[in-house]
Amino acid sequence: MFTRTKKPVGEQEALLKLSALCSQAEHSSGEMRDKMRRWAMPQEEIDRVLNRLVDERFVDDERYARFFVRDKIRFDRWGRRKIEMALCRKGVARDISSRVLDAVAPDDYVEALRPLIASKRRSLSAASDYELNAKLIRFALGRGFGMDIIRRCIESADEYGVDPQSPDGYED
């Protein structure tokens, strides 16, 4: 029907739009680059705008990564590997993401995974403990957790007498 032709976004207009966007929520430099590429801005302008956003502290990848990691562990209950991949897709440098993820205590991952394992254990049916544990391990690996964290959670569930057949998950 009607096709609107977008007028190109200039350097100053992009700076204003992106600074307003970054003042509302944290964004990574990769997200800002992608947005400016979609606006068909030349690479030199993209670099200048991004450098200005970084200089004025609207964009800080380390700060972004800290908030992102905290939220993904606390609310989405993701493991380290899945968070690493998401940060990479967001354009955060590997050294920044590694430094931020190294600061997270392993117990934080255990606290995130333990209720997931308990809930998943109640919803699974398996012919043997071996099969049940294999299903739980696949589930947790898909959420991005490492085998050491998964083992700790599965062993602690077994240690506390979690019964997969019981409605509440615990033996009477």
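View 1. Leaving aside its neighbours within four places in sequence, Leu113 is in contact with Ala140, Phe145, Ile149, Ile150 and Cys153, where contact means heavy atoms within 4.5 Å. This is a predicted model, in which local features need pLDDT of at least 70 and side-chain atom pairs count only at pLDDT 80 or more, while totals for chains, interfaces and linings use all residues. Residues are numbered from 1 along each chain as its sequence is written, and side-chain values use heavy atoms, with hydrogens and water left out. Leu113 lies in helix H7; helices (H or I, at least four residues) and strands (E, at least two) are DSSP runs, numbered from the N terminus. Leu113 counts as buried because its relative accessibility is 0%, and the terms here are buried for under 20% relative accessible area, exposed for over 50% and partly exposed in between, with a 1.4 Å probe and protein chains only. The C-alpha atoms of Leu113 and Gly79 are separated by 8.0 Å, although these residues are 34 residues apart along the chain.

**View 2. The largest nonpolar core.** A nonpolar core is a set of buried Ala, Val, Leu, Ile, Met, Phe, Trp, Tyr and Cys residues joined through side-chain atoms within 4.5 Å. The largest one has 29 residues, and those with the most contacts inside it are Val69, Ile83, Leu87, Leu113 and Phe145. At least two residues of this core come from each of helix H4 (61-74), H5, helix H6 (94-102), H7, helix H8 (129-142) and H9, and H7 gives the most, with six residues. Apart from this core lies another core, of 13 residues, among them Met36, Met41, Leu53 and Val59.

View 3. On a 1 Å grid over the protein atoms alone, a pocket is an open set of points where a 1.4 Å probe fits, with protein on both sides within 12 Å along at least five of seven lines, and lining residues have an atom within 4 Å of a point. About 170 Å³ of space lies in the second largest pocket, where grid points are joined across faces, edges and corners and a volume is the space filled by probe spheres set on the points. The lining includes Gly79, Arg80, Arg81, Leu101, Val104 and Pro106, and also Tyr109, Gly144, Phe145, Gly146, Asp148 and Ile149. Helix H5 (80-89), helix H7 (106-123) and helix H9 (147-159) each supply at least two residues of this lining. By class, the lining has six nonpolar, three polar and three charged residues; Ala, Val, Leu, Ile, Met, Phe, Trp, Tyr, Cys and Pro count as nonpolar, Asp, Glu, Lys and Arg as charged, and the others, Gly among them, as polar.

**View 4. Gly144 in the loop between H8 and H9.** The loop between H8 and H9 holds Gly144, one of the residues that line the second largest pocket. Gly144 is buried, because its relative accessible area is 7%. Not counting residues up to four places away in sequence, Gly144 touches Gly79, Arg80, Arg81 and Lys82. From C-alpha to C-alpha, Gly144 and Met85 are 9.2 Å apart in space, while in sequence they are 59 residues apart.

**View 5. Ser156 in helix H9.** Helix H9 contains Ser156, which counts as buried because its relative accessibility is 9%. The side chain of Ser156 reaches the backbone oxygen of Cys153 at 3.0 Å, and Cys153 is also among the residues in contact with Leu113.

**View 6. Two loop arginines with positive phi.** Most residues other than glycine have a negative phi. Arg57, in the loop between helix H3 (43-55) and H4, has a positive phi near 65°. Arg77, found in the loop between H4 and H5, has a positive phi of about 55° although it is not a glycine. Arg77 counts as partly exposed because its relative accessibility is 29%.

**View 7. Asp47 in helix H3.** Asp47 lies in helix H3 and is partly exposed, because its relative accessible area is 28%. Asp47 and Met36 are eleven residues apart in sequence, and their C-alpha atoms are 9.8 Å apart in space.

**View 8. The whole chain behind the close-ups.** The protein chain has nine helices and zero strands, and buried residues make up 38% of its 172 residues. Of the contacts in the protein chain with a separation of 6 or more, 59% are accounted for by residues 24 or more positions apart.

Key. A polar contact is a pair of N or O atoms within 3.5 Å; within protein, one must be able to donate a hydrogen and the other to accept it, and residues adjacent in sequence count only if both atoms are side-chain atoms.
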